[in-house]
Structures are given as C-alpha cells and as structure tokens.
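Trainee: Before we start, I would like the labels checked against their cut-offs.
Mentor: Then put the questions one at a time.

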Amino acid sequence: MSGPLHKYKVTWPSGVETVMKLNDEDAAARGLTDADLLHADIPPDDGADQEPAEKARGARNKVRAGSRNKAGGDGGGT
C-alpha cells in the first residue's frame, strides 16, 4: 500500500457495515467514493497522535526455588 490512508465506510453484500483504512487506489478498486469517507473534513489518521496503551503486567514467575540441600541431610559429608 502506498499513499495516505483514509477511513471508508464499507457495506458488504451481506449488509454488514464496517470501517476500513484504505489508500485512494484501493478505495477506487473497491468502487468507493468520497461519499463513503468517514469524517471527510478530518485529516487521515496516521496513528501518531494516539497515546500508548497502558503496559500490561507480565505473569509473575511461579517457578519454585530449588532446595539447597537435595540430599535431605544437614549438608555434612557421608
């Protein structure tokens, strides 16, 4: 895709309406016109003005710590 993207309201043959971001060439290929543009007076959205979403917290490490003395004794020799 090349060129700036614009939001177009698209109605599928099944009657479902959706919004697609398309450049002018792809919109023309789908038969869309300026009448199908959403908010034609607003410049195309490039995503630069969006605030970043809050960072999701990662899962806490649930691995159990290994035993220091796997022999079960007091750590002394045999």
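Trainee: Leaving aside neighbours within four places in sequence, which residues is A27 in contact with?
Mentor: A27 is in contact with Y8, L22 and L32. Contact means heavy atoms within 4.5 Å. Note that this is a predicted model, where local features need pLDDT of at least 70 and side-chain atom pairs count only at pLDDT 80 or more, while totals for chains, interfaces and linings use all residues. Residues are numbered from 1 along each chain as its sequence is written, and side-chain values use heavy atoms, with hydrogens and water left out.

Trainee: What makes up the largest nonpolar core?
Mentor: The core has 6 residues in all: Y8, V10, M20, L22, A27 and L32. β1 and β2 each supply at least two residues of this core. A nonpolar core is a set of buried Ala, Val, Leu, Ile, Met, Phe, Trp, Tyr and Cys residues joined through side-chain atoms within 4.5 Å.

Trainee: Why is N23 called buried?
Mentor: Buried means under 20% relative accessible area, exposed over 50%, and partly exposed in between, with a 1.4 Å probe and protein chains only. N23 has a relative accessible area of 4%, so N23 is buried. N23 is found in the loop between β2 and α1 (24–29).

Trainee: What does the side chain of N23 reach?
Mentor: The backbone nitrogen of D26, at 2.8 Å. A polar contact is a pair of N or O atoms within 3.5 Å; within protein, one must be able to donate a hydrogen and the other to accept it, and residues adjacent in sequence count only if both atoms are side-chain atoms.

Trainee: Why does R30 count as partly exposed?
Mentor: R30 has 48% relative accessibility, so the label is partly exposed. R30 lies in the segment after α1. Leaving aside neighbours within four places in sequence, R30 is in contact with M20 and L22.

Trainee: How do you know that β1 and β2 pair, and which way do they run?
Mentor: Two strands pair if DSSP finds at least two bridges between them. Here 6 bridges join β1 to β2 (residues 17–22), and the strands run antiparallel. They form a hairpin with 5 residues between them, and G15 in the turn has a positive phi of about 100 degrees.

Trainee: What are the strands and the helix in the protein chain, by definition?
Mentor: Helices (H or I, at least four residues) and strands (E, at least two) are DSSP runs, numbered from the N terminus. The protein chain has 1 helix and 2 strands, in the pattern β-β-α.
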